[in-house]
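This briefing concerns the chain shown below.

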Amino acid sequence: MPSYEQLRELLDPATTALLTVECQQGVVGTESALPELAAAARASGALGNVARLVAAAHRSGVQVLHAVAERRPDGRGANHNARLFRAAERLPVRQLSGTAAVRIAPPIEVSDEDFVVRRLHGLSPVAGTDVDPLLRNIGCRTLLVTGVSANVAIPNAVFDAVNLGYTAVVPADAIAGVPADYTPAMVRNTLALVATVTTTDEVLGAWKRPDPDDRS
């Protein structure tokens, strides 16, 4: 775990971006296609922590990107080469472009300055999307990864960020997967090897502006 000063330097708002992964109504909302995952995201506090981080990012001038997975009603361009994709086609709630399912889920708030990056294919919120060029154009060096799921999309995002030269930071209490005990195992045995693992409160502390009148 980095020290407070190390984390504060790493999360400099001028060179940091916050990525929320699949925090959309059809995934983590009350009418999710994946109710077990939605329940885990809410019961663990992960969704609430993502909302806290987004709100703090807006206050601190940190760029926020929301990665949304969706598909066309006709399915054109979507993957069919894995069990996960084929199962998604049979779910009662589908992540169709333009529907409520692909809107960012409460309590996360989206500002006019946020980027919403939509993908129609694949597993990764980063590779094959606009995320990398957008990050480079704003001078980002550190990518804070939050959201779901710890099973697939979160590790994909972290690996891709690292391969592209970014420093990945993962607040362990702002991601979720299923079953619930899988997430800490993924963090401990995989993500901690390639990313800086921290907590929501530590990130908020790093972004908190020092009080000029505080002489303690």
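Glu22 counts as buried, because its relative accessibility is 14% (buried means under 20% relative accessible area, exposed over 50%, and partly exposed in between, with a 1.4 Å probe and protein chains only). The model is predicted, so local features need pLDDT of at least 70 and side-chain atom pairs count only at pLDDT 80 or more, while totals for chains, interfaces and linings use all residues. Residues are numbered from 1 along each chain as its sequence is written, and side-chain values use heavy atoms, with hydrogens and water left out.

**Salt bridges**

- The chain has 5 salt bridges, a salt bridge being a side-chain nitrogen of Lys or Arg within 4 Å of a carboxyl oxygen of Asp or Glu.
- One of them joins the side chains of Glu22 and Arg119, at 3.0 Å from N to O.
- Glu22 lies in the loop between E1 and helix H2 (25-28) and Arg119 in strand E3 (residues 115-119), so the pair ties together parts that are 97 residues apart in sequence.
- Helices (H or I, at least four residues) and strands (E, at least two) are DSSP runs, numbered from the N terminus.
- Arg119 is buried, with a relative accessible area of 8%.
- Another salt bridge links Asp132 and Arg136 (3.0 Å, N to O); both residues lie in helix H6 (residues 131-137), 4 residues apart, about one turn of the helix.
- Asp132 is buried at 16% relative accessible area, whereas Arg136 is partly exposed at 45%.
- Arg72 and Asp74 also form a salt bridge, with their closest N and O atoms 2.6 Å apart; Arg72 is partly exposed at 35%, and Asp74 is partly exposed at 46%.

- Thr20, in strand E1 (residues 16-21), is buried at 0% relative accessibility.
- Beyond its neighbours within four places in sequence, Thr20 is in contact with residues including Val50, Leu65 and Thr146, contact meaning heavy atoms within 4.5 Å.
- Helix H7 (residues 153-163) has buried residues, among them Ile154, Val158 and Asp160.
- The cover over the buried residues of H7 includes E1, strand E4 (142-148) and helix H8 (182-194).

**Overall dimensions**

- The secondary structure comprises 9 helices and 7 strands.
- Buried residues make up 46% of the 216 residues in the chain.
- The C-alpha atoms fill a box of roughly 60 × 35 × 30 Å along the principal axes.
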